Amino acid sequence: MLLSQITPQYLTLSVFLLVLNIPLFLYGLKKQGKLFTFYAIFTVGVYSVAAWLITDVLPIDVTTASFTGCGFFFDNYMKNKNKCRKLYSFMI
């Protein structure tokens, strides 16, 4: 990841997710209210923990994960064209 090349080791993706969303939390508190801000903080917190687990704890190479998922999707699509056309018609 580009951020890991230009920042210190302790500033991981999960920390960046939290820090870069602070201005959006404050704006949301002002414009949308406390409940919306609570949900936003909770969502970013869960996403940050998941990003920390994937990048720092579990040995998952995220650079190839998207290509693997894409290949799996199109392989199944080619096998079941009619079924997939109905399910994923909004993407085609």
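Ser48 touches Ser14, Leu17 and Leu18, leaving aside residues up to four places away in sequence. In this predicted model, Ser48 is found in helix α4. Is Ser48 buried or exposed? Its relative accessible area is 5%, and buried means under 20%, so Ser48 counts as buried.

Ser14 is found in helix α2. With the same exclusion of residues up to four places away in sequence, Ser14 touches Ser48 and Trp52. The relative accessibility of Ser14 is 7%, so Ser14 counts as buried. The contact between Ser14 and Ser48 therefore joins two buried residues, one in helix α2 and one in helix α4.

Now take helix α2 as a whole. Which residues of α2 are buried? They are Ser14, Phe16 and Leu17. These residues cover an arc of only 160° around the axis, and therefore they lie on the same side of α2. An α-helix has 3.6 residues a turn, so residues three or four places apart point the same way.

Helix α2 also has a neighbour in helix α3. Two packed helices are described by two values, the angle between their axes and the distance between the axes. Helix α2 covers residues 13-20 and helix α3 covers residues 22-31. They pack at an angle of about 30°, and their axes are 4 Å apart. Which residues make this contact? From α2 come Leu18, Val19 and Leu20, and from α3 come Ile22, Pro23 and Phe25. Sorted by type, the residues of the contact are six nonpolar, no polar and no charged.

The next element to follow is helix α4, which runs over residues 34-57. It has 24 residues and reaches 33 Å from its first C-alpha to its last. That is close to the 34 Å expected at 1.5 Å a residue. The buried residues of α4 are Thr37, Val44, Ser48 and Ala51. What covers them? The cover includes α2 and α3.

Val46 is found in helix α4 too. Its relative accessibility is 46%, so Val46 counts as partly exposed. Val46 can be compared in position with Ser14: the two are 32 residues apart in sequence, and their C-alpha atoms are 9.8 Å apart in space.

Finally, consider the chain as a whole. How many helices and strands does the chain have? It has six helices and zero strands. Read from the N terminus on, the elements run α-α-α-α-α-α. The chain has 92 residues, and 15% of them count as buried. Ser48 and Ser14 are among the buried residues described above. Among contacts in the chain with a separation of 6 or more, residues 24 or more positions apart account for 36%. The chain exposes about 7800 Å², and carbon and sulfur atoms supply 70% of that area.

Notes:
Residues numbered from 1 in each chain as written. Predicted model: local features only at pLDDT ≥ 70, side-chain atom pairs only at ≥ 80, totals over all residues. Heavy atoms only, no water. Axes fitted to C-alpha atoms, helices over the stretch in contact; angles between N-to-C directions. Helix = DSSP H or I, 4+ residues; strand = E, 2+ residues; numbered from the N terminus. Contact = heavy atoms within 4.5 Å. Nonpolar A, V, L, I, M, F, W, Y, C, P; charged D, E, K, R; others polar. Expected span 1.5 Å × (residues − 1). Buried < 20%, exposed > 50% of the residue type's maximum accessible area, 1.4 Å probe, protein only. Areas by Shrake-Rupley, 256 points an atom, 1.4 Å probe, with all protein chains shown as cover. Arc of directions from axis to C-beta.
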